[in-house]
Amino acid sequence: MTHRGWVGAVAALGLTVTVGGCGVLGGDSDHVTLRLVAADYGDSAANSSKVYWANLVKAYEKEHPDVDVQVSVYSWNDVDREVKEMVDAGDAPDMAQIGSYADYAAKGLLYQASDLLSISTQADFVSQLANAGKVRGQQYGMPFAASTRLLFYNKALFSSAGIAEAPTTWDELAADAAKLKRAGVDYPYALPLGPEEAQAETMQWMLSGGGGYTSTAGTYSLDSTENVHTFTWLKDELVDKGLTGPVAPGKLNRAQAFSAFAAGDVGMLIGHPSLMKAARDKGVSYGMVPMPSKGGARTLTMGVADWMTAFRRHGHRDEIGRFLDFVYDRDNVLTFSRTYDLLPVTSSASQVMSTAAEDRELEPFLAQLPLSELYPVGRTSWASVAATVKQGIGAAVASGGNPATVLRKLETDAMSADNAAS
């Protein structure tokens, strides 16, 4: 049975939010219960992450009858808050698969990866992801899922507008957007800088312009010359010329932009692997290319990772380590990645996916991973900085806005957050 087959079979059992064994904390001293909080990557009950974890836990407990693993799955809207409330109440889970880790690491609440994992498991992490999981040179965040970004374009709309090839430079992108607008396309280039995930669109454009959130010295650099130029170009060449659609970028969220692309109303936008399925389901013929850059040279792309963490609160270091070695087994990583159209976080699974016929659609995203740069998640201030960017970056391209002024304000806020966190 394929992985999708057993996913469907287990879904039919009607799983609840909590899955796993039924051991009780504080019971038999020879029996250990581990609690894991995880995020849901599914978009329906049939492919909820509850299904993935139920299968994984069942297989693990069969081999380790002295361990129960209880998994609570929450939506991405809730999981970080739920874990924070548990930690604040003094009852941290043994493991949490969440969006950030640096705050907990800085407070001494987490095990280091080397405390838990076998040497072979830790060495198998993709190097960029492992390095992004470090605080002060030590790895606390264990990458669990990853993705990169590509420029998606609607082939039918390109053809109707007389565009033969996807753009490789900013100027080509702007020229294509102008042709799409003349052809009546609602969103020639969708620029989602609304508060849902503006930090992602922001980072990808910064990288394509030779900038980024941080400098080579590691300090925040939101108002760098490169970043100011990038957002000035976006405002002058796309937004002010009406090439980004009827919704102001600062009010357009990623989910809206993705839905509009799947509806056939968007010519181009930056997307991650999940957009492929959404477009296919709606019958949209699409292409994918690396993000165009200012001069056409290949630049860094944005990489994103979610993190597995292990809390020290209840001990169980050895049991946690053995379970995580199982979680990161090559075949388990492959099953998860294929189920949710995500990139594997281990080199062994990546090698399989790079050549397997069934993973051909993900190969362009996988090829971007060695050229990717991740959010500065190792900085304890990043969560605060990201929230500020989500709320404020749209003003940089708004009518009457001044990109340099907005980026300078965001940089000042970032430095203040960094000083407060240190």
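User: Where is the place of Lys235?
Analyst: Lys235 sits in helix α11, residues 225-239. Keep in mind that this is a predicted model.

User: Is Lys235 buried or exposed?
Analyst: Buried. Its relative accessibility is 9%, and the cut-off for buried is under 20%.

User: What does Lys235 touch, leaving out residues up to four places away in sequence?
Analyst: Asp240, Ala396, Val397, Ala398, Gly400, Gly401 and Pro403.

User: And His229, where is that one?
Analyst: His229 is in helix α11. It is partly exposed, with a relative accessible area of 34%.

User: Which residues does His229 touch, again not counting those up to four places away?
Analyst: Trp170 and Lys294.

User: How far apart are His229 and Leu334 in space?
Analyst: 40 Å, C-alpha to C-alpha. In sequence, 105 residues separate them.

User: Let's switch to the core. Which residues of the largest nonpolar core touch the most other members?
Analyst: Trp53, Met142, Trp205, Leu238, Phe323 and Leu324. That core has 136 residues.

User: Take Trp205. What is it in contact with, beyond neighbours within four places in sequence?
Analyst: The contacts of Trp205 are Trp170, Leu173, Tyr189, Leu191, Thr230, Trp233, Leu234, Leu238, Ile270 and Met291.

User: Now helices. Which residues of α3 are buried?
Analyst: In α3, residues 79-88, the buried ones are Val79, Glu82, Val83, Met86 and Val87. Seen down the axis of α3, they fall within an arc of 135°, so they line one face of the helix.

User: What covers the buried residues of α3?
Analyst: The cover includes strands β2 (32-39), β3 and β4 (95-98), plus helix α4 (102-106).

User: What follows α3?
Analyst: Gly90 does, and its phi is positive, near 80°.

User: You listed β3. Which residues make up that strand, with Asp68 in it?
Analyst: Strand β3 covers residues 67-74, and Asp68 is in it. At 11% relative accessibility, Asp68 counts as buried.

User: How far is Asp68 from Phe311, C-alpha to C-alpha?
Analyst: 17 Å. The two are 243 residues apart along the chain.

User: Which residues line the largest cavity?
Analyst: Arg149, Pro192, Glu197, Ala200, Glu201, Gln204, Arg254, Phe258, Ile270, Gly271, His272 and Met302. By class, that is five nonpolar, three polar and four charged residues.

User: Which element gives the largest share of that lining?
Analyst: α10, with three residues. Helix α12 (254-262) and strand β10 (266-271) each supply at least two.

User: What about the second largest cavity, how much space is in it?
Analyst: About 60 Å³. Its lining is Tyr52, Phe144, Val327, Tyr328, Val333, Phe336, Ser337 and Val345. Seven of these are nonpolar, one is polar and none is charged.

User: Which helix gives the most to the lining of the second largest cavity?
Analyst: Helix α15, residues 330-340, with three residues.

User: How many residues of each class are in the lining of the second largest pocket?
Analyst: Nine nonpolar, eleven polar and five charged.

Notes. Residues are numbered from 1 along each chain as its sequence is written. This is a predicted model: local features need pLDDT of at least 70, side-chain atom pairs count only at pLDDT 80 or more; totals for chains, interfaces and linings use all residues. Side-chain values use heavy atoms; hydrogens and water are left out. Ala, Val, Leu, Ile, Met, Phe, Trp, Tyr, Cys and Pro count as nonpolar, Asp, Glu, Lys and Arg as charged, and the others, Gly among them, as polar. Helices (H or I, at least four residues) and strands (E, at least two) are DSSP runs, numbered from the N terminus. Buried means under 20% relative accessible area, exposed over 50%, partly exposed in between (1.4 Å probe, protein chains only). A nonpolar core is a set of buried Ala, Val, Leu, Ile, Met, Phe, Trp, Tyr and Cys residues joined through side-chain atoms within 4.5 Å. Contact means heavy atoms within 4.5 Å. The arc is that of the directions from the helix axis to the C-beta atoms. On a 1 Å grid over the protein atoms alone, a cavity is a set of points where a 1.4 Å probe fits but cannot get out, and a pocket is an open set with protein on both sides within 12 Å along at least five of seven lines; lining residues have an atom within 4 Å of a point. Grid points are joined across faces, edges and corners, and a volume is the space filled by probe spheres set on the points.
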